[in-house]
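Welcome! Please take a moment to look over the sequence and the model before reading on.

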Amino acid sequence: MQTSNILAGKVALVTGAGGGIGREIAVAMATAGADILINDIGVSLTGEGGSGSPAEQTKQIIEQRGGKAAISTESVSEWASAKRSVEAALDAFGRIDIVVNNAGILRDVIFHKMSPEDWLAVINVHLNGSFFISRAAAEHFRKQESGAYVHMTSTSGLVGNFGQANYSAAKLGITALSKSIALDMARYNVRSNCIAPFAWSRMTSSIPADTPEQKARVAKLQQMTPDKNAPLAVYLASDAASHVSGQVFAARMNEIFLMSQSRPIRSVHRAEGWTPESIAEQGMPALKASLLPLDRSPDVFSWDPV
């Protein structure tokens with residue numbers, strides 16, 4: 001199987017493909033033989049402004065390498081505009097086979113200072129956007145009885161992080177959305193998986209680098225270039241992954257992780273039932289050793305990327 005044509009004949013819609021991880025996935029999928037619908041509205045990291053130039057740059061890169069690409073500058077965060085992006089892929093290439101939900105913004109702030117506007121802006125782009133684009137493509141996937149979704153999640157949601165309640169909630173919600181899609185659409189040979197990408201990009205470039213320790217950490221992060229995430233996305237979108245669905249992966253430098261999903265890890269039983277007092281006296285002490293700590297992503301991925 002040649003990597004260079006693993007997506008030959010397929011059409012991929014990649015959101016947030018104007019830069020960073022989205023651009024690298026779009027370019028890699030084009031290199032693997034897919035025609036690409038580049039969706040990007042060209043906003044800042046916080047979702048402000050708007051320009052078609054990032055998408056045009058991605059299109060130029062793809063075409064310079066012999067690929068085919070078209071552009072949609074529609075927002076993913078509204079149902080009508082999300083449908084127009086899917087229609088743009090159909091208009092340009094006649095079909096749609098792959099959806100990559102990568103578009104995102106950040107509005108990081110500590111929870112007790114987070115505004116409703118900051119919450120809604122992030123939820124609308126990440127979670128609602130993933131639903132709208134996926135749902136708009138679903139009818140076409142169902143009719144042709146094939147299709148692949150690749151959603152970008154984050155260890156901020158899977159594990160945890162400071163100051164990202166909106167982003168973490170959206171990203172963990174995307175994993176549940178992906179699993180539901182995988183379950184509901186399996187009968188139509190449609191697959192849905194998630195990737196938690198690690199990369200130095202616009203979304204991590206705001207990490208402080210003032211102290212020697214912080215500078216050393218940033219230097220390591222900068223080695224995790226966005227393109228390191230693209231091979232896994234290309235694979236999951238291909239027919240070679242026809243047996244893989246409902247899974248959550250992480251890609252970090254040259255590492256690929258299969259992430260766990262919530263399952264019971266320990267139980268206690270009391271034949272006569274529980275009271276708040278008996279839970280305090282017996283139940284919780286029995287479960288205590290298995291309680292999970294307040295980890296953040298750096299606590300879990302505590303070694304240098306390799």
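The report below covers some helix contacts, a cavity and a pocket.

## Before we start

Please keep in mind that this is a predicted model. Residue numbers start from 1 along the chain, so you can find each residue by counting along the sequence as written.

## Helix H1 and its partners

Let us begin with helix H1, which covers residues 20–31. How do H1 and H2 lie relative to each other? Helix H2 spans residues 53–64, and its axis comes within 10 Å of the axis of H1, with a crossing of roughly 25°. Angles under 35 degrees count as roughly parallel, and therefore H1 and H2 are roughly parallel to each other. The crossing in which H1 passes H2 is right-handed. From H1, the residues Arg23, Ala26, Val27 and Ala30 take part, and they meet Pro54, Gln57, Thr58, Ile61 and Ile62 of H2. Sorted by class, this contact of H1 with H2 holds six nonpolar, two polar and one charged residues.

H1 also meets helix H8, which is made of residues 230–237. Here the axes come within 9 Å and cross at roughly 55°, and H1 and H8 are therefore oblique to each other. Once again you will find a right-handed crossing where H1 passes H8. On the H1 side are Glu24, Ile25, Ala28 and Met29, while H8 brings Ala230, Ala233, Val234 and Ala237. Seven residues in the contact of H1 with H8 are nonpolar, none is polar and one is charged.

## Helices H4 and H6 side by side

Next, find helix H4 at residues 116–144 and helix H6 at residues 165–185. Their axes are 8 Å apart, and the two pack at an angle of about 15°. That makes H4 roughly parallel to H6. The crossing of H4 past H6 is right-handed.

Which residues make the contact? On H4 they include Trp119, Ile123, Leu127, Phe131 and Phe141, and on H6 they include Tyr167, Ile174, Leu177, Ile181 and Met185. Counted by class, the contact of H4 with H6 has 15 nonpolar, five polar and three charged residues.

## A cavity inside

Rolling a probe the size of a water molecule over the atoms shows where empty space is left. How many cavities of 30 Å³ or more does the structure hold? The structure has one, and the largest cavity contains about 30 Å³ of space.

Thr15, Val76, Asn101, Asn102, Ala103, Val125, Gly129 and Ser130 line this largest cavity. H4 gives the most to that lining, with three residues. The lining of the largest cavity divides into three nonpolar and five polar residues, with no charged ones.

## The second largest pocket

Finally, have a look at the second largest pocket, where about 780 Å³ of space lies. It is lined by 27 residues, and the closest to its centre are Gly157, Leu158, Val159, Ser260 and Ser262.

Which helix gives the most to the lining of this second largest pocket? H6 does, with five residues. Helix H5 (155–158) and H6 each supply at least two residues of the lining. By class, the lining of the second largest pocket has 13 nonpolar, 10 polar and four charged residues.

Note on methods: This is a predicted model: local features need pLDDT of at least 70, side-chain atom pairs count only at pLDDT 80 or more; totals for chains, interfaces and linings use all residues. Side-chain values use heavy atoms; hydrogens and water are left out. Axes are lines fitted to C-alpha atoms, for helices over the stretch in contact, and angles run from 0 to 180 degrees between N-to-C directions. Helices (H or I, at least four residues) and strands (E, at least two) are DSSP runs, numbered from the N terminus. Angles under 35 degrees count as roughly parallel, over 145 as roughly antiparallel, 65 to 115 as roughly perpendicular and the rest as oblique. A crossing is left-handed if the near helix is turned anticlockwise from the far one by less than a right angle, and right-handed if clockwise. Contact means heavy atoms within 4.5 Å. Ala, Val, Leu, Ile, Met, Phe, Trp, Tyr, Cys and Pro count as nonpolar, Asp, Glu, Lys and Arg as charged, and the others, Gly among them, as polar. On a 1 Å grid over the protein atoms alone, a cavity is a set of points where a 1.4 Å probe fits but cannot get out, and a pocket is an open set with protein on both sides within 12 Å along at least five of seven lines; lining residues have an atom within 4 Å of a point. Grid points are joined across faces, edges and corners, and a volume is the space filled by probe spheres set on the points.
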